[in-house]
Amino acid sequence: MSNTLLFAIVEEGKADALMLTAKRAGSTGGTILTGRGTASNSFLCLLGLGDSHKEILMTVVSEAVKPAVWEALLSDRHVHGILAAVTASWDGTPSTPQKGGEWDLINVICTNGYGDDIMSAARKVGAGGGTIIDGRGTALPDDIAFYGSTLVAEKELLLMFVKRDDTHNILAAIAGLSCMQKPGSGIAFTFAVQEVAKLGR
């Protein structure tokens with residue numbers, strides 16, 4: 001069965017309303033994550049004003065309802081952000097990305113605190129911006145123990161929608177960073193994006 005994962009990255013407080021719009025158009029549900037946008041203006045970053053709180057809505061839809069959900073989300077003029085579609089599978093069948101797309105979604109999982117450094121390196125070779133989501137690693141009981149408790153390293157997930165022509169250079173720049181050199185310090189991977197559009201156009 002062919003499915004699509006729709007990503008909407010929007011301002012804080014807007015994802016719930018967007019999910020209702022998606023449900024009315026045929027989506028069965030989704031997940032909302034919180035994160036922060038990365039500023040492209042170094043002066044704003046210096047003042048501490050560069051980052052903005054974001055919500056990331058993810059919903060998997062069948063190909064039968066995807067056009068209706070996509071159009072419904074695009075027609076909501078009250079929500080600003082970015083909407084993207086990525087080929088997905090939820091029944092165990094491997095998904096095959098559609099060829100000819102112009103965009104990739106680069107995902108970087110790294111140690112907490114390095115997301116901004118990675119974004120800075122990516123921006124130097126073509127990335128425009130990204131969204132950072134906080135997370136944590138998973139540890140086995142024997143991994144790291146401190147006074148009888150297992151410590152789990154905090155992680156960040158950096159999401160960047162980039163032009164496919166820039167993907168290789170961005171991944172190479174990320175791989176060359178010292179914070180990504182140690183085993184287990186991070187991983188970068190991509191998804192081919194079917195479509196991407198601005199919300200609130």
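The predicted model contains zero disulfides, a disulfide being a pair of cysteine sulfur atoms within 2.5 Å. Such a link is a covalent bond between the sulfur atoms of two cysteines. Cys 110 takes part in none, and the nearest cysteine sulfur, in Cys 179, lies 6.6 Å away; that separation is too far for a bond. Both residues are buried, a term that denotes under 20% relative accessible area, with exposed over 50% and partly exposed in between (1.4 Å probe, protein chains only).

| Cysteine | Relative accessible area |
|---|---|
| Cys 110 | 1% |
| Cys 179 | 15% |

Residues are numbered from 1 along each chain as its sequence is written. In this predicted model, local features need pLDDT of at least 70 and side-chain atom pairs count only at pLDDT 80 or more, while totals for chains, interfaces and linings use all residues; side-chain values use heavy atoms, without hydrogens and water.

Helices (H or I, at least four residues) and strands (E, at least two) are DSSP runs numbered from the N terminus. Strand S5 (103-111) is joined to S9 by nine antiparallel bridges, and to strand S10 (residues 186-199) by eight bridges, also in the antiparallel sense; pairing requires at least two DSSP bridges between two strands. Val 108 has Leu 158 as its bridge partner in S9 and stands opposite Ala 188 in S10.

Helix H4 (residues 115-124) has the buried residues Gly 115, Ile 118, Met 119, Ala 121 and Ala 122. These lie on the same side of H4, because their arc around the axis is only 165°, taken from the directions from the helix axis to the C-beta atoms. Their cover includes S5, strand S6 (131-136), strand S9 (154-163) and helix H5 (164-175), where contact means heavy atoms within 4.5 Å. Just after H4, Gly 126 adopts a positive phi of about 125°.
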